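Subject: Structure handover

Hello,

Please find below the structure I said I would pass on. My notes on it follow.

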Amino acid sequence: MSYFLFLDDIRQSTQFLWPIDITKLEVITARNFKEFQHTVRTRGIPVVVSFDFDTCHAHYAEFGRSNQTSINYKSKEPTGLDCCKFLVEEWCRTKLPLPRYFLHTFNPLGKRAMRDFLEQAKIELICNTVQ
């Protein structure tokens with residue numbers, strides 16, 4: 001189960017400088033929500049995960065046309081936030097340790113939404129395990 005899950009529809013994990021050594025981990029790239037979901041269901045919770053927010057071409061077009069104050073996309077394609085939500089559901093179900101996560105998206109609103117969601121989930125999960 002020691003793997004690094006990299007969510008991005010276009011880029012490769014090798015295009016980034018990571019603050020940790022990922023050379024000892026198997027790197028698996030998921031290009032969209034379905035691949036992300038399949039990987040977690042078949043491989044288990046990763047030890048490290050990195051999220052892109054916009055995971056299809058429709059997202060890029062919508063973000064480019066938006067006023068960049070909200071992310072209410074008309075596209076029904078799941079975003080990185082949907083992957084975050086799925087991963088938290090799996091954390092809750094499996095009771096495994098939370099993986100270290102990174103947000104490599106260029107979308108500032110998406111980054112904030114994913115960070116806020118994951119940080120709130122960590123607080124809630126930690127509080128629920130203490131009770």
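Helices (H or I, at least four residues) and strands (E, at least two) are DSSP runs, numbered from the N terminus. This is a predicted model, in which local features need pLDDT of at least 70 and side-chain atom pairs count only at pLDDT 80 or more, while totals for chains, interfaces and linings use all residues. Residues are numbered from 1 along each chain as its sequence is written, and side-chain values use heavy atoms, with hydrogens and water left out.

Overall picture

The chain holds 4 helices and 4 strands, in the order β-β-α-β-α-α-β-α from the N terminus. It has 131 residues, and 46% of them count as buried (buried means under 20% relative accessible area, exposed over 50%, partly exposed in between, with a 1.4 Å probe and protein chains only). A contact means heavy atoms within 4.5 Å. Among contacts in the chain with a separation of 6 or more, 68% join residues 24 or more positions apart.

The α1 and α3 pair

Two packed helices are described by the angle between their axes and the distance between the axes. Helix α1 covers residues 33–43 and helix α3 residues 80–94; they pack at an angle of about 15°, with axes 10 Å apart. Axes here are lines fitted to C-alpha atoms, for helices over the stretch in contact, and angles run from 0 to 180 degrees between N-to-C directions. The two helices are therefore roughly parallel to each other (angles under 35 degrees count as roughly parallel, over 145 as roughly antiparallel, 65 to 115 as roughly perpendicular and the rest as oblique). On the α1 side the contact is made by F33, F36, Q37, V40 and R41, and on the α3 side by D82, C83, F86, L87 and E90.

K95 lies in the loop between α3 and β4. K95 is exposed, with a relative accessible area of 68%. Its phi is near 65°, a positive value in a residue other than glycine.

Two buried loop residues

H104 sits in the loop that links β4 (100–103) to α4 (108–130). At 7% relative accessibility, H104 is buried. Its side chain makes a polar contact with the side chain of S50 at 2.6 Å (a polar contact is a pair of N or O atoms within 3.5 Å; within protein, one must be able to donate a hydrogen and the other to accept it, and residues adjacent in sequence count only if both atoms are side-chain atoms). Leaving out residues up to four places away in sequence, H104 touches several others, including F6, R11, W18 and D52.

T55 is in the loop between β3 (48–51) and α2 (57–65), and T55 is buried at 6% relative accessibility. The side chain of T55 reaches the backbone oxygen of P78 at 2.9 Å. Apart from neighbours within four places in sequence, T55 is in contact with L7, D9, R31, P78, T79 and G80.

A residue in β2

T29 belongs to strand β2, residues 26–30. T29 is partly exposed, at 28% relative accessibility. Its C-alpha atom is 8.4 Å from that of F4, which lies 25 residues away along the chain. With residues up to four places away in sequence not counted, T29 touches F6, D8, Q12 and E35.

Regards
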